[in-house]
Structures are given as structure tokens and as C-alpha cells.
Amino acid sequence: MSKQLTQRIGFTLFSLSIFITLLFLFIIIYFITIRGIKVISWEFLTQPPRQAMTEGGVAPAIIGTLYLTLGAVIFSFPLGIACAIYLNEYSPKNYIVNIIRLSVNNLAGVPSVVFGLFGLAVFVKYFGFGVSILSGSLTLGILVLPVIISASQEALLAVPQVLREASLALGATKWQTIRRIVLPSALPGILTGLILSIGRVAGETAPILFTAAVFYLKGYPKSIFSEVMALPYHIYALMTEGIHPDKQTAIAYGCCLILLFLVLLISLTAVIIRQRQRRFYG
Amino acid sequence: MLRFKENLYRWIFTIIAFASLVFLLGIVIVLFKEALPIFKKVKVLEFIFGKYWYPTYQPPEFGIFPLIMASLWVSIGAMLVCIPLGVGSALYLNELASPRQKAILKPLIEILASIPSVVYGFFGMVVLAPFLQNLFNLPTGLCALTASITLGIMAIPTVCSIAEDALSYVPNSFREASFALGANRWETLIKVVIPSAGSGISTAVILGMSRAIGETMTVLMVAGGAAVIPKSFFDPVRPMTSAIAAEMGETSIGSDHFHALFAIALILFLITFLFNIIAEFISRRYRLKLGLNI
Amino acid sequence: MDKKTIITKEKSEYVCCSEDIIKIKAQDINFFYGKLHVLKNINLDILANKITAIIGPSGCGKTTFIRLLNRMHELIPNVTLTGKIYLDGQDILSSCVDPVEIRRRIGMVFQKPNPFPKSIFKNISYGLEINGIKNKEFIEERVIESLKKAALWEEVKDRLYDSALKLSGGQQQRLCIARALVVKPEVLLFDEPCASLDPISTRKIEELILELKKDYTIVIVTHNMQQAARVSDYTGFFLMGELIEFDKTKKIFEAPTDPRTEDYITGKFG
């Protein structure tokens with residue numbers, strides 16, 4: 001077979017790969033949008049469910065997801081960024097720190113259901129918070145902590161060492177250098193990591209299965225110690241519990257659409273930030 | 001005064017960092033603590049290789065081999081989908097895509113990556129499963145095949161982005177040298193670039209597999225749920241993650257079933273941790289080999 | 001304030017000349033990267049308001065040495081330094097001296113220009129901000145003064161708030177010089193400042209350095225011997241971590257005492 005022909009076939013296969021991949025993406029988005037949009041209405045977005053989950057809206061689930069995400073963010077962002085700053089700027093550069101860095105990176109790849117179990121054992125039972133927004137937020141926060149630490153560390157690492165040297169050579173202290181030179185430079189990377197973590201937290205189900213989420217909540221959550229409805233869990237529950245599969249499937253489509261929309265918005269924000277950063281550095 | 005502030009900041013960061021690390025260490029500790037009790041009732045080998053998972057029977061049986069097999073089948077099936085598509089896409093992006101195309105395609109693939117797993121599970125349940133059921137005339141579309149395909153699609157972005165990174169690390173000078181010797185683009189790719197990026201691509205595969213094994217919601221909704229050793233891809237199966245997610249809600253805290261599920265979680269944790277470490281190790285040696293800074 | 005007469009030199013002992021004031025004195029400096037003995041028994045005087053050049057082949061320790069003077073070596077893990085460095089008679093290596101203080105009195109310009117990813121103005125005002133200066137007019141005044149001293153004002157006066165990264169290599173280096181000047185240091189250390197610049201920018205910076213001599217003590221590391229000959233008053237020749245010879249530039253280049261110096265000067269190696 002001639003070289004030219006082999007090349008043509010090979011390259012066609014590559015193009016086919018990416019075409020099929022994108023096809024999958026569009027098929028998923030297509031189905032969810034077409035069938036989901038039928039259910040979306042103002043009522044859907046703002047009203048609680050009625051009639052055994054077959055009518056009304058999913059507002060409590062949306063609110064619940066918001067609360068859980070907020071809680072996870074409040075817990076994990078400051079902790080994660082500070083940890084990354086310590087690991088990258090303050091800690092001695094010996095191999096113990098390297099091992100810590102490795103372990104943190106690898107924890108980011110641990111299955112989310114493991115975090116769910118951890119949350120169950122520690123927050124729900126040991127600390128006695130019960131199935132609540134608090135337990136769920138903390139569990140989600142710990143889920144996403146390694147991701148934030150990793151992403152922030154990479155962003156800090158990417159700041160050229162010569163900038164730190166230039167700052168210190170001018171007589172700046174270490175903290176001044178971090179605050180005025182390193183952090184601003186690393187900010188786009190850190191922000192991207194944070195934003196993607198938000199997306200992750202909003203869409204996770206396994207960690208909240210045993211720690212926060214319920215299928216039905218009367219009204220809205222009253223405190224951080226109460227159970228909560230959440231969009232991802234709601235989708236799962238609609239498909240596996242309840243007695244009206246047709247209507248519930250339709251509602252599930254609607255929830256998927258909302259989740260998809262949220263996630264898309266978040267990804268877009270991250271992409272825009274990265275583009276703007278590239279433009280500034282020219 | 002300034003020196004005092006400086007030291008204060010240093011201490012604040014140190015304490016916060018250690019607090020975070022304590023939490024993360026806590027995960028490992030808790031897993032062990034809650035998992036070990038089951039091994040007083042069941043020997044480790046019996047647990048791992050036992051063929052019968054009947055945790056709710058009297059007396060209960062705690063053999064997770066069917067669960068492990070299920071995870072394995074589903075993951076390997078997923079690999080069959082995501083490796084060709086993921087690596088192929090990476091090769092397209094690296095070799096054939098114009099910068100403009102790349103700027104659009106890469107974010108699109110990232111979007112695929114950020115779709116929540118429950119949405120994939122849902123899609124698998126309501127679109128893919130009925131489709132496959134009709135296509136192959138199956139009693140149910142919720143089986144290992146459906147799970148494999150859905151998981152495979154989920155893992156494509158992981159494999160693609162890591163493989164693409166690996167390919168982009170191959171220095172241009174390698175390509176130029178090959179062209180200068182008269183090779184065309186295809187030959188250069190196959191004989192020079194891909195072998196050089198080999199370790200990086202292995203990393204992508206390993207991490208993709210790690211992702212597939214650890215996925216919970218998708219397999220929970222799509223794999224079917226039968227804790228039986230699969231004999232074909234059309235069998236419904238219950239991978240380890242589904243077992244935990246499905247059964248935890250029904251067990252009482254502190255019961256044997258509870259501890260058994262934690263033991264499964266521990267094993268899962270160790271497997272994925274191991275995979276990730278291997279991947280990290282390979283990728284370091286890869287960068288060293290190419291002469292890049294770590 | 002020491003005044004000394006000429007002392008005949010043994011291989012590594014210090015030399016200085018009458019009528020001159022010693023600004024920095026390096027005494028019995030030994031420096032190790034881990035176990036590697038990188039600087040051996042260095043004794044050297046840097047004289048006030050003079051330009052001292054440090055020359056030598058690659059790897060001889062000249063950059064390592066200059067970085068000791070403002071304690072930048074402390075940024076590297078696993079290093080050991082013995083000996084003393086005096087700035088105006090005060091031991092700057094002692095642990096009760098804050099390196100931050102030293103670095104405000106001794107400024108540094110690096111081999112590759114390293115402006116911060118900020119505007120031109122902010123790059124320079126940075127030095128003032130970290131010293132707690134907040135008065136906007138004062139900052140503006142000093143920024144303009146530094147830019148003028150660094151011979152960059154004319155070229156950037158219309159775009160002070162543009163990103164510094166958009167300047168050319170030579171302009172960026174002059175920006176780094178202006179940045180170092182704004183805190184009014186007493187000593188300026190130049191670590192091969194023209195290594196990555198074209199000949200025209202190099203010449204501009206050499207002229208600038210000659211101008212700065214009036215107000216500052218200058219130490220310049222260079223691998224370019226002609227540059228050392230053009231610009232400096234005193235020259236020290238380093239080889240394999242040792243200070244082989246230190247004397248007035250004229251003497252080093254016209255009648256070096258040590259044969260190794262002569263070999264290096266005449267291009268037999270390096």
C-alpha cells in the first residue's frame with residue numbers, strides 16, 4: 001500500500017475519532033435539550049413539587065444545590081488555596097513535601113463514592129451532624145479540596161522563579177512578594193481551578209447520597225442541619241423511586257437540562273478567563 | 001513589626017496547610033477503621049475471591065468477586081471505546097487541527113468532561129439502553145455493554161486531553177529531523193512522535209481506566225444491578241461502586257454489611273490510588289526521557 | 001572608613017588602593033552547594049563609587065559570588081556559606097540582620113530582563129509600595145526620576161500604563177534598572193546585564209552604567225572582557241571558584257601578574 005494511501009486512511013481515522021466524539025456530545029445535548037425544554041417553565045424553576053413529584057417544580061432542588069455548593073466552596077476554597085501557597089512558597093523543598101504533593105494529586109482521582117462514605121462515617125455519624133446541608137457541604141468540600149490544591153499549586157508553580165527573585169532583590173519580604181507578585185500572576189490559573197471545582201461540586205451525586213440529599217422535602221431547608229433536595233440526586237431518585245415513571249422521566253429531563261446549562265455556563269466562564277489571561281501575556 | 005507580621009503569615013499558612021492535610025489523611029484512616037472489622041468475620045482472600053455476594057441473606061455471604069469482575073468488565077469495555085476515540089481525537093488535535101480548530105475543539109471536549117455523571121447515567125438509561133435493547137433484542141438494555149459504552153464516552157475527554165498534552169511535549173526538533181530524512185507526516189507520527197509520546201499515552205490510558213473504575217452514578221443507573229459474575233457483555237452486572245451506592249442506604253451503621261461496604265470502598269481506593277501513582281511515575285520518567293523539566 | 005595603601009598580593013588576598021573607600025568587604029568566603037566547594041577563600045574589596053567588574057570563564061563562580069552580596073543565595077536550599085561580608089563595616093551575614101534590609105541597600109539587575117507582568121509605571125512604583133510609601137505625587141515623582149536616570153523616560157513617557165512585557169529586550173532591561181534605582185540603593189549589582197541584548201542596547205546600558213557610577217557603587221559580572229575593559233575601574237578574575245587576581249582594570253588588562261589571567265585575557269581559554 002502506498003505511503004500516501006496509508007496516510008490518507010490513517011488521517012481519516014483520526015478525523016473520524018474526533019467526529020464521533022463530538023457526535024456523542026451533540027447527541028447527549030440534543031436529547032436532553034429537546035425533551036427537557038418541554039418541561040421547563042417559570043413554574044418549574046420556582047415552585048416546589050406537588051402531587052407526589054409529578055407536578056409542580058423543582059425549585060427546592062435548585063436551591064438545595066445552591067446551598068450545598070456554597071457550603072462546599074466556603075469550606076474548601078480558603079483551605080485549598082492556603083494549603084497550595086504553603087506547599088509551594090513556604091515549605092522546605094525536601095522530598096517529604098514531594099510525597100505530600102503526589103498524594104494530594106492522587107487523592108483528586110479517588111472515586112467520589114469513597115468520599116461519600118467518609119462523609120457518612122465522620123460528619124453524619126461521628127460528629128453527629130446527621131443527614132444535613134452541613135454534612136453534605138463538608139463532604140463535597142473534602143471531595144474537591146485535592147483538586148483545588150492541585151490546580152492552585154500548578155498555577156503557583158507556573159509563575160517564573162525570576163519574578164520572585166526580582167521582587168526579593170528589591171527588598172520585598174516573602175509575604176509581600178506572594179501577595180503582590182505571585183498571587184496576581186497565578187490568579188487566572190487558580191480561578192480556573194476554582195470555577196471548574198464549582199462545576200464538579202454542583203453535579204456530584206455520590207457524596208451527597210448518604211450525607212445530605214433526600215427525594216422529598218417539605219418546603220425549603222430551614223437550617224444547615226436539615227436535609228435538602230439537590231438536582232443531581234433528584235434526577236437519580238426520579239428514575240429509581242416513585243411510581244409515575246413517565247411523568248417523572250419528563251421532569252428528570254428538565255432537571256438534566258438545568259444542570260447541563262449550569263455546567264455549561266461554568267465551563268464557559270473558565271474558558272473566557274483563560275483566553276483573557278493569554279491575551280494579556282501576549 | 002514587619003518581621004512579626006511576616007512570621008505570623010508563615011504560621012497561619014503552615015497551620016492551614018496542615019489542617020487540610022489532616023482532613024485528607026483522615027479519609028484513609030476512616031476507611032481503614034471502618035473496613036477492618038469485616039475481616040474479623042471473613043478472611044481477606046475469601047472476601048476478595050468469594051463468588052457469592054448475598055449481604056442481606058441469613059447467614060450473609062460476603063464474596064466480592066462478582067463485583068470485582070463487574071468493575072473489570074465494564075472498565076475494560078469502556079477502554080475499548082475511549083482509547084481509540086480518545087487517542088484518535090488527540091492525534092487529530094495534535095497533527096491535523098489548525099490553531100483555530102483547536103481553539104474551538106478543545107473547549108468542546110472539556111465540556112464533555114464536565115457533564116455530571118448522573119446526566120450520563122440518565123442518558124444511558126433513557127436513550128442508550130432502549131436503543132441497544134431494540135438493536136440486539138435483549139431482555140433488558142441495562143447491562144454491561146450499555147455501561148461500558150456510557151463510561152467509555154465519559155472517559156474520552158480524560159484520555160484525549162492527557163494524550164494530547166503528551167503529544168505536544170514531543171519536541172518539534174524530533175519531527176523536523178524526521179522530515180529532513182524524507183519521511184512523510186504519517187510515518188513521522190507512527191515511527192517518531194507516537195513512540196516518543198508512548199509513556200504519556202500510557203498515562204492517559206491508566207488515568208482513563210482509573211476514572212472508569214471509580215465511576216458511581218453512571219454504572220448505578222445503567223449496569224443492571226445483578227451481583228453475578230458476568231458471562232457476556234449483555235448480562236446485567238453490579239460493579240463495586242454501584243454496590244456501595246445502592247446498598248449503603250439500606251444498611252444499619254455498624255453492621256457487618258456496613259463494614260463490608262467500607263471494605264469494598266477501601267479496595268476501590270487502593271486500586272485507584274495505585275493506578276494514579278503508576279501513572280504519575282510513568283509520566284515523570286517520560287518527561288525525564290524527553291529532557292524536560294519536571 | 002578604611003584607607004589603605006597598596007599591599008602586595010598573595011594569590012587570594014585582598015588588594016585595594018589608596019584614597020579609595022571600601023564599600024563592601026568580602027572576607028574568607030567559602031561557599032558550598034551541598035558538598036561541592038564552589039567558592040574558595042575569596043577575599044575581595046568593592047570600592048565606593050567605582051565600577052568593579054568580575055570576569056572569568058563559565059562556571060567559575062562569578063554569578064554565585066555576586067549573589068552572596070545581597071544574600072540571594074539564601075533562596076537556594078542546601079547551601080553553606082562561611083566567611084564574612086561587610087557593608088560599610090557592618091557584617092551583613094549575621095543572623096540578626098534582616099536580608100530584606102540588605103536588599104534595600106544593595107540592588108540587583110539580572111541576566112535576563114525580568115519585568116513584572118504589570119504596567120511600566122507599576123513595575124517601578126513597586127519598590128516604593130513595598131516600603132509603605134503611599135503618597136501618589138511622591139511616587140509619581142520618583143518613578144519619573146528613575147526612568148530618566150535609566151535613560152528610558154523619552155521612550156515610554158506616553159505609555160506608562162502599558163504592559164511592561166510589550167517593551168523590547170533592551171528597554172525591559174533599562175526598566176529593570178529603573179526599578180532597582182527607585183528605592184535609592186547604595187550599591188548596584190549587575191549580573192551579566194547585557195548577555196541577552198543586541199549590541200546597540202548593550203552600548204546604551206554600558207553608557208548608563210558609567211553615568212550611574214557618580215551616585216552608586218557598582219559591581220558587574222560579565223563574560224565579555226571588552227565590556228569589562230570599557231566600563232570598569234577595578235577587575236577581579238575568577239577561575240574555578242578562586243579569585244586569581246584583583247587590581248585596577250588597566251593593570252589587569254595591560255600587565256596581568258598571574259599567567260592564568262594573561263591566558264584568559266588573551267583568549268587562550270574561556
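**Figure 1. Helix 7 of chain C, residues 199–212, in the predicted model.** Helix 7 of chain C has 14 residues, and at 1.5 Å a residue these should span 20 Å, which agrees with the 20 Å that separates its end C-alpha atoms. The buried residues of this helix are Ser201(C), Ile205(C) and Ile209(C). They cover an arc of only 80° around the axis, which puts them on the same side of helix 7 of chain C. An α-helix has 3.6 residues a turn, so residues three or four places apart point the same way. On the face of helix 7 turned away from its buried side are the exposed residues Pro199(C) and Ile200(C).

**Figure 2. Chain C as a whole.** Chain C contains ten helices and ten strands. The radius of gyration of chain C is 19 Å, close to the 18 Å that the globule rule gives for 270 residues, so chain C is as compact as a globular protein of that length. Taken along the principal axes, the box that the C-alpha atoms of chain C fill is roughly 55 × 45 × 40 Å. Of the 270 residues in chain C, 44% are buried. Among the contacts in chain C with a separation of 6 or more, 68% are between residues 24 or more positions apart.

**Figure 3. The contact between chain C and chain A.** In this contact, 23 residues of chain C meet 19 residues of chain A. On the side of chain C that touches chain A, at least two residues each come from helix 2 (99–105), strand 6 (106–109), helix 3 (120–129) and helix 6 (169–181) of chain C. Helix 2 of chain C gives the most to this side, with three residues. By class, the side of chain C that touches chain A has 13 nonpolar, five polar and five charged residues.

**Figure 4. The contact between chain B and chain A.** Here 67 residues from chain B and 69 residues from chain A take part in the contact. Helix 1 (residues 2–35) of chain B supplies 16 residues, the largest share of the side of chain B that touches chain A. The residues on this side of chain B divide into 47 nonpolar, 13 polar and seven charged.

**Figure 5. A cis peptide bond in chain B.** The bond that joins Gln58(B) and Pro59(B) is a cis peptide bond, with omega at about -5°. Pro59(B) lies in the loop between strand 1 (53–54) and strand 2 (61–62) of chain B.

**Figure 6. Asp28(C) and Asn41(C), with positive phi.** Asp28(C), which is placed in strand 1 (residues 22–33) of chain C, has a phi near 50°, a positive value in a residue other than glycine. With 11 other C-beta atoms within 10 Å, Asp28(C) is exposed. Asn41(C) is placed in strand 2 (residues 36–47) of chain C, and its phi is positive at about 50° although Asn41(C) is not a glycine. Asn41(C) is partly exposed, with 17 other C-beta atoms within 10 Å.

Definitions and conventions: Residues numbered from 1 in each chain as written. Chains lettered and ligands numbered in written order. Predicted model: local features only at pLDDT ≥ 70, side-chain atom pairs only at ≥ 80, totals over all residues. Helix = DSSP H or I, 4+ residues; strand = E, 2+ residues; numbered from the N terminus. Rg over C-alpha atoms; globule rule 2.2 N^0.38 Å. Buried ≥ 20, exposed ≤ 12 C-beta atoms within 10 Å, placed from the backbone. Contact = placed C-beta atoms within 7 Å. Nonpolar A, V, L, I, M, F, W, Y, C, P; charged D, E, K, R; others polar. Expected span 1.5 Å × (residues − 1). Arc of directions from axis to C-beta.
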